[in-house]
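This briefing goes through the strands and sheets of one model, chain by chain. Please look at the structure first.

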Amino acid sequence: MQFWGYRRNEGRPGIRNHVLILPTCACGSESSRIIASQVKGAVNIVFNTGCSDVQANTDMSQKILTGFACNPNVYGVVIIGLGCETVPHDKLREKIQAMTTKPVVSFGIQDEGGTLKTIEKGVRAAREMVAQAGMQQKELFDISELYLGIECGGSDATSGIGSNPAVGELSDLLVDMGATTVMSESIEWIGGEHVLAKRAATPEIHNQIIEVCKKYEEHLSAAGQDCRAGQPTPGNKAGGLSTLDEKSLGCIRKGGTRPIVEVLEQAVPPSRHGAVVMDTAGYDISSVTSMVASGCNAVIFTTGRGTCTGNAIVPVLKVTANGRTYQRMEDNMDVDLSPIIRGEKTYQEMGKEMLKDIEDICNGKLTKAEAYGFSDIAVDHVCRFV
Amino acid sequence: MEIKALLMGLSDNVVTCITDVKAGEKVAYRKGDEVLCVEAAEDIPYCHKIALTDLAEGADIIKYDESIGRISCPIERGGLVDHTNLFSVPRDYDAEW
């Protein structure tokens with residue numbers, strides 16, 4: 001299996017060729033949005049942090065910003081800063097330029113004398129970049145170059161028996177062809193972490209998986225919070241999920257069954273091919289944000305109740321095994337896996353069928369969220385703003 | 001025969017119903033290439049689990065080829081397995097790794 005992608009000087013190829021308008025902090029977000037709206041081929045993100053943070057939060061937001069810039073789906077970057085934020089535009093630009101040779105320029109709103117002047121410069125720079133990006137021809141790459149994120153959100157009773165096992169099957173097939181897949185949301189491994197840990201390729205990775213869960217529980221407990229309390233929820237029980245073990249197993253099934261070759265911190269690129277896992281929040285938008293910042297090309301997203309989310313940098317392919325949800329939210333759902341829940345097809349069959357969906361998306365087919373231009377992100381936090 | 005339940009792992013001792021099932025109804029499910037059948041001993045709601053064998057009190061319930069807990073009372077073949085008779089077994093992580 002192969003796909004048409006965009007060659008990058010560093011790392012994996014991209015499946016999109018976006019010019020990213022990247023704010024350094026919340027204060028640059030609106031100007032970035034306006035620049036992107038003026039230039040076809042440019043995308044922006046809205047950043048809610050980047051200032052007045054403790055060091056750990058700053059480290060996280062910097063990993064996300066540099067990770068977005070380095071994502072292979074990005075051709076070039078226009079950074080828009082304010083001037084007094086924790087890491088100003090020129091410093092962020094230098095960091096990114098140390099990581100990638102792709103085009104990067106930056107402007108500061110205070111330096112330029114206000115938003116209109118900044119927007120003018122940003123639009124001119126972005127226009128030049130999209131013109132160049134349009135000249136880049138696609139090349140054929142082996143599927144082993146693909147890096148796919150796996151996510152779930154708005155789950156229901158069909159998720160664990162339909163969409164998650166089907167996506168797990170897809171992940172296994174991709175991994176067998178040499179590709180890389182990442183499953184995140186470590187908080188949702190709890191209750192099933194011993195099963196996930198059994199998939200570890202080495203004893204070290206086994207212990208890392210258990211340790212990630214233990215640390216997450218300790219982190220919440222330090223703030224007086226208990227992640228097991230009330231799990232499974234009354235709604236889960238009414239929907240047929242009897243124990244936290246059952247809920248977690250249904251959730252982690254989306255990551256497939258192949259050996260886990262690496263445990264990643266948030267927003268860190270994998271160093272190996274195969275099935276990897278990432279320590280992120282269970283909040284779907286935040287988890288997708290961290291996987292995109294780690295360089296994934298696309299995200300496959302399972303849902304039961306339905307979701308509309310999308311990401312500016314990577315296509316988010318939303319799949320559901322709940323037939324009613326697919327019908328009611330067809331404007332947001334990309335793949336209907338309900339034949340599994342009707343007993344017409346097995347999850348193995350539908351997992352295999354989704355290889356074609358992945359191939360199509362790699363080759364340029366827009367997901368529904370992508371066509372709408374959706375750009376959701378959420379940056380995980382260690383503690384309060386200061 | 002219409003498939004009415006899904007088997008998630010070959011070693012599972014429960015299947016998950018994909019429709020509301022009435023007591024006495026025959027519930028067909030796939031196991032590999034075979035289609036097998038279990039008769040519901042009671043009403044089983046949509047997305048709930050049905051026992052494939054007679055199970056003694058304290059038996060592990062296996063779904064996804066893994067234990068999802070143990071049962072607090074005996075359950076006969078065809079019986080409902082849910083949160084009222086299934087409990088999570090606390091784990092001693094420090095002893096395990």
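**Strands and sheets in chains A and B**

In E10(A), the bridge partner of Thr181(A) is Ala275(A). This is a predicted model, in which local features need pLDDT of at least 70 and side-chain atom pairs count only at pLDDT 80 or more, while totals for chains, interfaces and linings use all residues. Residues are numbered from 1 along each chain as its sequence is written, and chains are lettered from A and ligands numbered from 1 in the order in which they are written. Helices (H or I, at least four residues) and strands (E, at least two) are DSSP runs, numbered from the N terminus. Two strands pair if DSSP finds at least two bridges between them.

**Strand E8 of chain A and its partners**

- E8(A) covers residues 180-183 and runs parallel to strand E10 (residues 275-278) of chain A, joined by 3 bridges.
- E8(A) also pairs in the parallel sense with strand E7 (residues 147-152) of chain A, over 4 bridges.
- Val182(A) in E8(A) is the bridge partner of Gly149(A).
- Between E7(A) and E8(A) the chain passes through helix H6 (residues 159-176) of chain A, and this β-α-β crossover is right-handed (with the strands pointing away from the viewer, the path from the first strand over the helix to the second runs clockwise).
- In a regular strand the side chains alternate between the two faces of the sheet.
- In E8(A), Thr180(A) and Val182(A) point one way, Thr181(A) and Met183(A) the other way, and all are buried (20 or more other C-beta atoms, placed from the backbone, lie within 10 Å of the residue's own).

**The four-stranded sheet of chain A**

- This open sheet has 4 strands in the order E3-E2-E4-E5, with parallel pairing.
- Strand E3 (42-44) and strand E5 (104-108) of chain A are at the edges with a single partner strand each, so one side of each has no neighbour in the sheet.
- Strand E2 (residues 18-23) and strand E4 (residues 74-81) of chain A run parallel and are joined by 6 bridges.
- Pro23(A) has Ile80(A) in E4(A) as its bridge partner.

**The six-stranded sheet of chain B**

- This open sheet has 6 strands in the order E4-E3-E1-E2-E5-E8, with mixed pairing.
- Strand E4 (34-39) and strand E8 (80-81) of chain B stand at the edges, each with a single partner strand, so each has one side without a neighbour in the sheet.
- Strand E3 (residues 26-31) of chain B pairs with E4(B) in the antiparallel sense over 6 bridges.
- Val27(B) is opposite Val38(B) in E4(B).

How values were computed: A residue is buried if 20 or more other C-beta atoms lie within 10 Å of its own, exposed if 12 or fewer, and partly exposed in between; C-beta atoms are placed from the backbone.
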